[in-house]
Amino acid sequence: MISDPYAELGRDYARSRRPDPRVAAAITAAVGDARSVVNVGAGAGSYEPEGRDVVAVEPSRRMIAQRPATAAPAVQACAEGLPFADGAFDVALAVLTVHHWTDVTAGLAELRRVSRRQVIVTWDQAVFARFWLVRDYLPEIAEHESRLACLDRVVEELAEAAPTVAPLPVPSDCVDGFLGAYWRRPEAYLSERVRAGMSGVALLDQNVVATAVERLRADLADGHWHRHHVGLLGRTELDLGYRLVTT
């Protein structure tokens, strides 16, 4: 049986995690002229490039059920055991999913087995740990993420394929509700619905999260947050450590 951590975490995912067009453009550019794409850990269908032959792979039934009728066909399977022939695709795409895999070595080996190139979105944990939400309110996020497979592990596993790494800056009005999306809109983190779509917060002890949220609420109410982060208010994008890895 396929484990489904998103049985609860992903209950409202399609609404809170809509693709941002600027992030999508960067991913599509990395995919390049590939005609066939396998999207591994595809979730509700975000960032699947248009005009290509796309097959989605997703272990969670709840997530598959949220895919729109126009999305690519989806197979319920895990990255560690892709049900495709060697070299079946031009590109294997994996967007903010590697950290959830149970065996990263096997999963990335499978991506390389079934595709000629790989395009992976992950993040640099050292950079993300400096994000104000993590540094000032929820350092438990950094502690939790230190145990996850992120940029360093992805680059290490793909070393033979000579991967390139490019920053993926987050727009100030990002419409995809991933963890760093609201860096200039801190009020959003007060919403339980918004936080529910962020695994980095939703998987923490919620008592710890509640305490941090109340501290943030107070800092917003008395103007402390805005005084302390005035330098962010005029920015249109910010590097929070998200990275686009391509081979």
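This is a predicted model: local features need pLDDT of at least 70, side-chain atom pairs count only at pLDDT 80 or more; totals for chains, interfaces and linings use all residues.
Residues are numbered from 1 along each chain as its sequence is written, and side-chain values use heavy atoms, without hydrogens and water. Local features need pLDDT of at least 70 and side-chain atom pairs pLDDT 80 or more, whereas totals for chains, interfaces and linings use all residues.

**View A. Cysteines without a disulfide.** The whole structure holds zero disulfides (pairs of cysteine sulfur atoms within 2.5 Å). Cys78 has its closest cysteine sulfur in Cys150, 19 Å away and therefore too far for a bond. For Cys150, the closest is that of Cys174, at 18 Å, also too far. Cys78 is partly exposed, at 28% relative accessible area, while Cys150 is buried, at 1% (buried is under 20%, exposed over 50%, partly exposed in between; 1.4 Å probe, protein chains only).

**View B. The buried side of helix H5 (residues 104-114).** Val104, Gly107, Leu108, Glu110, Leu111 and Val114 are buried. These residues lie on the same side of H5 because they cover an arc of only 150° around the axis, taken from the directions from the helix axis to the C-beta atoms. Their cover includes strands E1 (36-40), E4 (89-95) and E5 (115-123) and helix H9 (151-157). At the N-terminal end, Asp103 caps H5, with a side-chain oxygen 3.3 Å from the backbone nitrogen of Thr105.

**View C. Arg195 in helix H10 (residues 192-196).** Arg195 is buried and has no salt bridge (a side-chain nitrogen of Lys or Arg within 4 Å of a carboxyl oxygen of Asp or Glu). Glu192, the nearest side chain of opposite charge, is 5.2 Å away. A polar atom of the Arg195 side chain lies 3.0 Å from the backbone oxygen of Tyr189.

Terms used:
Helices (H or I, at least four residues) and strands (E, at least two) are DSSP runs, numbered from the N terminus. Contact means heavy atoms within 4.5 Å. A polar contact is a pair of N or O atoms within 3.5 Å; within protein, one must be able to donate a hydrogen and the other to accept it, and residues adjacent in sequence count only if both atoms are side-chain atoms. Lys and Arg count as positive and Asp and Glu as negative; His and the chain ends are not counted.
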